[in-house]
Amino acid sequence: GASGSVYGLVGGLFTLFILGGQFPTSIFLYIAISIFYGLYARNSRIDLASHFGGFVGGVISTFIFLFLG
């Protein structure tokens with residue numbers, strides 16, 4: 001679904017905050033809650049691979065746009 005693209009945006013924001021020298025507690029909390037819910041929720045049909053792939057894709061895309069664009 002659209003959650004992979006949402007995590008791509010989160011990954012991009014995470015990268016911008018880290019490169020800017022800030023500590024984005026809210027993003028860390030969002031990621032931690034999502035991972036915890038995905039791993040430990042009963043009857044869960046959440047695919048963590050798409051979330052992880054979206055996050056990594058967002059980080060890589062942000063690096064590409066910042067340093068090559």
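Analyst: Ala 2 is exposed, with a relative accessible area of 54%; exposed stands for over 50%, buried for under 20% and partly exposed for the range in between, computed with a 1.4 Å probe on protein chains only. Ala 2 belongs to the segment before helix 1, where helices are DSSP runs of H or I with at least four residues, strands are runs of E with at least two, and both are numbered from the N terminus. Although 44 residues separate Ala 2 from Ile 46 in sequence, their C-alpha atoms are 12 Å apart in space. The model is a predicted one, in which local features need pLDDT of at least 70 and side-chain atom pairs count only at pLDDT 80 or more, whereas totals for chains, interfaces and linings use all residues. Residues are numbered from 1 along each chain as its sequence is written, and side-chain values rest on heavy atoms, with hydrogens and water left out.

The setting is as follows. The protein has three helices and zero strands, in the order α-α-α along the sequence. Its C-alpha atoms fill a box of roughly 45 × 25 × 15 Å along the principal axes. Of its 69 residues, 28% are buried. Contact means heavy atoms within 4.5 Å, and among contacts between residues at least 6 apart in sequence, 63% join residues at least 24 apart.

Helix 1 covers residues 3-19 and packs against helix 2, residues 25-40, at an angle of about 145° with the axes 10 Å apart. The axes are lines fitted to C-alpha atoms over the stretch in contact, and the angle, on a range from 0 to 180 degrees, is taken between N-to-C directions. The crossing of helix 1 past helix 2 is left-handed, that is, the near helix is turned anticlockwise from the far one by less than a right angle. On the helix 1 side the contact involves Val 6, Tyr 7, Val 10, Leu 13, Phe 14 and Phe 17, which meet Ile 27, Phe 28, Tyr 30, Ile 31 and Ser 34 of helix 2. By class, this contact comprises 10 nonpolar residues, one polar residue and no charged residues; Ala, Val, Leu, Ile, Met, Phe, Trp, Tyr, Cys and Pro count as nonpolar, Asp, Glu, Lys and Arg as charged, and the others, Gly among them, as polar.

Two members of this contact are not fully covered. Phe 17, in helix 1, is partly exposed at a relative accessible area of 30%. Leaving aside residues up to four places away in sequence, Phe 17 touches Gln 22, Pro 24 and Ile 27. Leu 13 and Val 59 are 46 residues apart in sequence and 8.3 Å apart from C-alpha to C-alpha.

The largest nonpolar core consists of seven residues, namely Tyr 7, Val 10, Phe 14, Ile 27, Ile 31, Phe 55 and Val 59. Such a core is a set of buried Ala, Val, Leu, Ile, Met, Phe, Trp, Tyr and Cys residues joined through side-chain atoms within 4.5 Å. Helix 1, helix 2 and helix 3 (48-67) each supply at least two of its residues, and helix 1 contributes the largest share, three residues. Ile 31 touches Tyr 7, Val 10 and Phe 55, again without residues up to four places away in sequence.

Thr 15, in helix 1, counts as buried because its relative accessibility is 4%. A polar atom of its side chain lies 2.8 Å from the backbone oxygen of Gly 11. Beyond residues up to four places away in sequence, Thr 15 touches Val 59, Thr 62 and Phe 63. The other site involves His 51 of helix 3, which is buried at 13% relative accessibility. The side chains of His 51 and Ser 3 form a polar contact at 3.0 Å; a polar contact is a pair of N or O atoms within 3.5 Å, of which, within protein, one must be able to donate a hydrogen and the other to accept it, while residues adjacent in sequence count only if both atoms are side-chain atoms. With residues up to four places away in sequence not counted, His 51 touches Ser 3, Gly 4, Tyr 7 and Ile 46.
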